[in-house]
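Hi everyone, thanks for coming. Let me put the structure up on the screen, and then we can walk through it together.

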Amino acid sequence: MSFVVEMLRIRKEFPGIVANDDITLQVKQGEIHALLGENGAGKSTLMSILFGLYQPDGGEIRIRGKQVEISNPNVANDLGIGMVHQHFKLVHNFTITENIILGIEPKRGLVVDKKAASAKIRELSEKYGLNVDPDAKIEDVSVGMQQRVEILKMLYRNADVLIFDEPTSVLTPQEIQELMKIMRNLIAEGKSIILITHKLKEIKAIADRCTVIRRGRLIGTVDVAETSEARMAEMMVGREVNFQVVKAPAKPGKVVLAVENLSVLNNRKVLGLKDFSLEVRAGEIVGVAGVDGNGQVELVEAITGMRRAESGKIMLNGKDITEASVRSRIKAGIAHIPEDRHKHGLILDYSMEDNIALKVYDEPPYSSRGLLNRNEIRRYAQTVIEEFDVRSGQGAISVARSLSGGNQQKAIVGRELAQNPELLIAVQPTRGLDVGAIEYIHRRLVEQRDKGKAVLLVSLELDEILSVSDRIAVINNGELVGIVQADETDENEIGLMMAGVKRGDIR
Ligand SMILES: Nc1ncnc2c1ncn2[C@@H]1O[C@H](COP(=O)(O)OP(=O)(O)OP(=O)(O)O)[C@@H](O)[C@H]1O
Ligand SMILES: [Mg+2]
């Protein structure tokens, strides 16, 4: 048996937590090996050790049978190991070529030979079907393209062990299909892949074997073809997981949010949302389904006050809030789980307690006469942390940056729900969450509804839209295609509507 990577009894501790507790992972040459585990299980940590970002406290690593010490990422590169991180690390105002050669610029005499680099990048891009333009700037390309740049960065450095840390959580369904194709191309060329993902369907579709860890410990390694999704989920969370959302029929009440003929400009200064109307009532969950970039961002940002309305009206509980400030909308009862948890969700260098208190710190009992009441803030944060099972080494005083991706997300969801808002706008609320946490968040959304609150759910995951929503509004090219009852439709119909086909044309 030839293993290309062997991580044996790896141990890594952080203050207050053992992130990796004697984990063993063995990857065969030429396989796609999935690494599965709940949020905070220690997956990113284990891979950061393999990539030389962290030093293990115990255990040993062998690459192609030889024991090695990976003291930094350059050593990993020299050993043929590359990594695409959970959050990309690209320089936005650099071109794709400049990003890829960063740190290893090819020189001709004293000048950097960008031409040679971009030719090599073009060649690699063609060979693996990556479809990348070496001269484009990062800030102008899609997230899916940025990820392919990260892949090229590894290939440019001749990596043959490729680590992908949750590559699909930021991609659209179409981009996911493309990535799977690219992975198959990579394997066909003799590369080996370690894939971290929470999506069991993806593991089933593409991985050969799967190693499962739970709370820093190895549970086991299984053959994917012989193991059901349910079994893998159970290994991972230690109990059976219910994939179905259980809910009674909605009892919609008064209109909480009314969007009337709303038009909003997008970043390119043309109308990204056009004459859009939608109502969300108390006691119902309205899902917005659409292909990424069809006006969802403009809709959400207009409702939350982060973007101006060109025309039309936004009413909250009968009050016109079209011109209201962000802060006053929050105070009026709008909560928002944002799409990008790093840009709008958390202040990464703040502690968890300060992040969780962000929306309430200026109210009693959290402050009085302009002074913060630290004890109350901590108590509040601790209840949210406990209720939403936000795991970290040091609880309320952990710095947000040190939390695992999924636990950062759980903290945001917890903070927003803890306000008990009149209207919750949830954008991709379960992105990056493990199946157990998804089940929990879905249950909380339904609970919010059953308390008579209004919920607007925006998601690219059709499964999520279909199972959680009561009504579904389909958006295409900034326009409302139609609104359907969730229990009277299916994936096919919504899929067609997402492509712009009106319901009357289908039936
Ligand atoms: N630099 C750090 N300092 C302190 N604690 C850390 C650090 N990095 C990770 N941790 C902690 O180690 C544990 C494992 O984190 P890790 O990021 O490896 O989880 P994960 O399995 O990748 O989870 P997710 O699916 O949410 O991304 C978490 O409890 C996290 O808070
Ligand atoms: Mg992670």
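Let's start with a question: from which domains does the shell around ligand 1 draw at least three residues each? They are domain 1 (3-237) and domain 3 (344-420). Before going further, a word on what you see: this is a predicted model, where local features need pLDDT of at least 70, side-chain atom pairs count only at pLDDT 80 or more, and totals for chains, interfaces and linings use all residues. Residues are numbered from 1 along each chain as its sequence is written, while chains are lettered from A and ligands numbered from 1 in the order in which they are written.

Now, the domains. The assignment gives domain 1 (3-237), domain 2 (254-333 + 424-507) and domain 3 (344-420); such bounds come from an automatic or database domain assignment.

Back to ligand 1. There are 20 residues around ligand 1, and Asn39, Ser44, Thr45, Ser404 and Gly406 come nearest (near means that the C-beta atom, placed from the backbone, lies within 6 Å). E2, H1 and H14 are the elements giving two or more residues to this shell. Those labels are DSSP runs numbered from the N terminus, with helices (H or I) of at least four residues and strands (E) of at least two. By class, the shell holds 5 nonpolar, 13 polar and 2 charged residues. Here Ala, Val, Leu, Ile, Met, Phe, Trp, Tyr, Cys and Pro count as nonpolar, Asp, Glu, Lys and Arg as charged, and the others, Gly among them, as polar.

E2 belongs to an open sheet of 4 strands, ordered E2-E1-E4-E5 with antiparallel pairing; strands pair if DSSP finds at least two bridges between them. The edges are strand E2 (17-28) and strand E5 (66-68), each pairing on one side only. From one strand to the next, the twist averages 25 degrees. Strand E1 (residues 3-14) and E2 share 8 bridges in the antiparallel sense, and Phe3 has Lys28 in E2 as its bridge partner. Helix H1 (residues 43-50) lies across E1, E2 and strand E4 (58-63), at about 120 degrees to E1. Angles run from 0 to 180 degrees between N-to-C directions, and axes are lines fitted to C-alpha atoms, for helices over the stretch in contact.

Next, a second sheet. It is open too, with 4 strands in the order E14-E13-E16-E17 and antiparallel pairing. Strand E13 (residues 255-265) is joined to E14 by 7 bridges, and Val264 stands opposite Leu273 in E14. Helix H9 (residues 296-304) lies across E13, E14 and strand E16 (311-316), at about 60 degrees to E14.

That leaves H14. How do H14 and H15 lie relative to each other? The axes of helix H14 (residues 405-418) and helix H15 (residues 435-450) come within 12 Å and cross at roughly 10 degrees. The two are therefore roughly parallel, a term for angles under 35 degrees. Gly406, Lys410, Val413 and Leu417 in H14 meet Ala437, Ile441, Arg444 and Gln448 in H15 (contact means C-beta atoms, placed from the backbone, within 7 Å). That contact has 4 nonpolar, 2 polar and 2 charged residues.

Finally, domains 1 and 2. Their C-alpha centres lie 34 Å apart, and the contact takes 11 residues from domain 1 and 10 residues from domain 2. Helix H8 (residues 229-237) gives the largest share of the domain 1 side, 3 residues.

How values were computed:
Parallel < 35°, antiparallel > 145°, perpendicular 65-115°, else oblique. Contact = placed C-beta atoms within 7 Å.
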